[in-house]
2 protein chains.
Amino acid sequence: MRTLFSADDHIVEPADVWSKRVPRKFLEDAPHVVDDGEMEFWVVEGTKMPTIGLNAVAGKSEEEWSFDPVRFSDMIPGCYDPKARAEDLRAEGIMASLNFPTLPRFGGALFPELKDRQLADVCVQAWNDFMFDEWCAVAPEMFVPMAIVQLWDADLAAKEIERNLGRGLRAISIPEETSLLGLPSYYNSFWDPVWDICQQSGTAVCMHIGSSGWRPYTPPEANPSLNVALGFVPTITHALGMMYSPVPRKFPDIKIVYSEGGINWVPGALERADRMYKRHKYWSGTDDVLPSDVCRKNMWFCLIEEPYGLRVRHDIGIDRILWECDYPHSSCVWPNTQKIVDELFADVPADEAEMITVRNAERLFNWSCQPAPSAAS
Amino acid sequence: MRTLFSADDHIVEPADVWSKRVPRKFLEDAPHVVDDGEMEFWVVEGTKMPTIGLNAVAGKSEEEWSFDPVRFSDMIPGCYDPKARAEDLRAEGIMASLNFPTLPRFGGALFPELKDRQLADVCVQAWNDFMFDEWCAVAPEMFVPMAIVQLWDADLAAKEIERNLGRGLRAISIPEETSLLGLPSYYNSFWDPVWDICQQSGTAVCMHIGSSGWRPYTPPEANPSLNVALGFVPTITHALGMMYSPVPRKFPDIKIVYSEGGINWVPGALERADRMYKRHKYWSGTDDVLPSDVCRKNMWFCLIEEPYGLRVRHDIGIDRILWECDYPHSSCVWPNTQKIVDELFADVPADEAEMITVRNAERLFNWSCQPAPSAAS
């Protein structure tokens with residue numbers, strides 16, 4: 001059995017993540033789960049937020065998938081229970097797993113929207129405390145600690161990162177793009193305290209697909225799953241934007257991971273971006289650091305099932321590619337992980353496959369995976 | 001010298017295209033050129049429209065490029081004069097050339113915006129008459145006739161296509177996406193008369209990059225040339241949208257060309273789209289015709305300089321790829337065409353190179369290229 005490091009999985013937060021952590025005065029406004037008899041949903045500052053079915057399909061057949069809201073009892077326990085999750089993953093050789101939030105959104109963009117900034121701050125800290133004290137604590141050798149941050153205040157965010165570095169933080173999750181969320185863009189020096197502490201500490205900055213606040217334009221009549229197919233389009237956009245931006249120029253050791261964004265588009269996008277970067281140099285003022293230079297130094301990309309992407313792995317950079325499981329979302333390969341990974345890597349030399357499935361992530365996140373249980377055990 | 005077919009070049013319309021064709025009552029509102037002493041610009045229904053410098057850079061070095069408006073006298077004659085153009089192209093072995101409009105926009109989306117629909121109709125017809133009577137007439141063996149259509153009325157558009165088929169029409173140019181222009185989307189049966197006559201007559205439907213009315217989101221501080229690098233993002237979006245749409249299902253022989261959209265992103269986009277199309281079948285109702293099936297039957301893609309794209313040509317489909325020059329725009333390879341093409345195809349077998357540079361386009365547009373003058377002549 002291969003030892004696998006999944007660079008992108010998801011936690012469906014248990015109902016009491018916030019209510020058991022926030023001060024009493026915030027209990028009514030902090031996220032909590034209500035059952036109105038018909039459905040369970042989250043309530044945050046008085047607003048209802050259902051759990052979308054497609055975010056918790058692990059263990060279900062494709063025929064059962066839908067966007068409809070679900071209850072906790074509709075999900076397998078591995079969605080929200082770290083003990084069940086650890087067992088599910090270990091059984092398939094996934095020995096390390098990095099987990100993104102659900103209710104706070106992948107990049108933590110829910111909390112800056114709250115009216116009460118003090119509540120928002122408490123909610124960010126509560127999720128991070130849950131990550132360490134409840135999620136990672138169950139299987140500290142498996143769960144790679146990631147934090148969300150106070151996106152509305154980069155100094156506060158840097159302090160929160162520092163607080164979590166003290167207990168072993170390896171990554172933060174922020175949106176692919178922030179200026180649509182009413183926050184300064186990544187071209188703005190507003191974010192420097194965050195880049196600075198991440199660069200200094202070697203903390204990876206993960207940006208998950210679907211976290212940018214916009215979608216490529218599709219007409220209203222389009223098949224609803226077209227948007228799933230197009231999910232990588234904002235990632236292409238923002239990854240190229242980051243390659244053009246001041247961030248990697250001011251913070252040359254910054255480490256940015258595009259989570260669930262796929263890998264197969266990278267060589268084409270770099271080819272186009274490099275050509276345009278050079279060709280439009282004079283009137284636009286681009287410098288001599290090419291988009292591909294930034295990419296090959298500062299960026300990592302994640303694959304689930306991309307045979308073509310793997311074939312062109314050397315055009316991406318064999319050390320830039322991370323494997324992910326995406327448990328418990330709709331692209332998830334669990335519970336057939338080993339079989340699917342074996343087929344996917346059938347034509348890839350063992351040392352290269354090992355880089356992609358475990359070693360690159362170990363180095364990036366400064367982590368050491370336990371070996372997978374043998375197939376016989 | 002190689003014989004080349006350029007599937008995408010651009011006409012900068014001469015000043016009198018409309019004023020010498022429209023009835024007297026429309027003279028004031030139809031497009032005409034005014035010089036206010038500082039600059040020349042087009043005026044259409046009272047609105048000023050400059051010619052953007054980047055649309056007429058042929059023959060200029062990159063240091064001279066800018067987005068600033070230009071005069072006709074700032075351009076080389078090949079931009080607007082078909083005789084000069086034909087000489088420029090022939091000298092570099094480009095023996096066939098398909099040309100897109102500039103003032104009407106690449107897909108003719110200017111005219112549906114006019115207040116006066118009768119004027120709009122007359123303007124569409126005038127451009128097409130110019131295309132045949134002035135542009136193609138100068139070098140009928142070289143210039144491949146393309147028309148724009150009355151986008152606000154698909155029956156009128158079909159009649160206009162029919163009118164032009166009578167004099168040898170080979171292609172029409174319509175926007176990559178129409179619903180942002182206040183028109184029905186391509187998912188709507190509104191467009192059936194256009195698809196129908198194009199399918200019946202084998203007329204290619206060209207959709208040029210930058211014609212969709214939206215751009216991928218970038219923050220205001222981004223380098224202005226980032227949008228050039230991202231120009232293929234709407235093409236990816238709308239090509240996948242078309243693969244999911246009813247159009248190729250209702251009109252299985254339709255021929256769609258994504259002009260200047262590049263080729264290198266195609267295999268990755270197909271890999272992702274096919275996976276999602278199958279995976280989300282049950283809840284979204286996708287059928288058994290995969291995006292890649294549509295692509296390999298109904299679509300063509302254009303390359304200028306993409307060494308990586310050429311390397312993965314068999315993943316795109318060797319018969320799906322057209323070469324283009326992009327005269328006189330900023331991606332244009334003229335006046336170094338033969339040298340650049342030789343370098344680009346250095347590792348491609350001669351028969352495959354010939355397919356991409358001339359034979360695929362000849363078959364698609366039902367055209368027969370004269371051989372290039374020998375290098376010595």
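Author: The radius of gyration is taken over C-alpha atoms, and the globule rule is 2.2 Å times the number of residues to the power 0.38. This is a predicted model: local features need pLDDT of at least 70, side-chain atom pairs count only at pLDDT 80 or more, and totals for chains, interfaces and linings use all residues. Residues are numbered from 1 along each chain as its sequence is written, chains are lettered from A and ligands numbered from 1 in the order in which they are written, and side-chain values use heavy atoms, with hydrogens and water left out.

Reader: How do you know whether chain A agrees with a compact globule?

Author: For 377 residues the rule gives a radius of gyration near 21 Å; chain A has 20 Å, so the two agree. The C-alpha trace of chain A spans about 60 × 50 × 50 Å along its principal axes.

Reader: Why is V194(A) called buried?

Author: Buried means under 20% relative accessible area, exposed over 50%, and partly exposed in between (1.4 Å probe, protein chains only). V194(A) has 1%, so it is buried. Its place is helix α4 (residues 192-201) of chain A; helices (H or I, at least four residues) and strands (E, at least two) are DSSP runs, numbered from the N terminus. In chain A as a whole, buried residues make up 65% of the 377.

Reader: What makes D29(A) partly exposed?

Author: The relative accessible area of D29(A) is 32%, which therefore makes it partly exposed. D29(A) lies in the loop between β1 (4-10) and β2 (32-35) of chain A.

Reader: What makes a set of residues a nonpolar core?

Author: The members are buried Ala, Val, Leu, Ile, Met, Phe, Trp, Tyr and Cys residues joined through side-chain atoms within 4.5 Å. The largest such core has 282 residues, and W195(B) is among those with the most contacts inside it. Sequence neighbours within four places aside, W195(B) is in contact with residues including I174(B), Y186(B), M242(B) and F251(B).

Notes:
Contact means heavy atoms within 4.5 Å.
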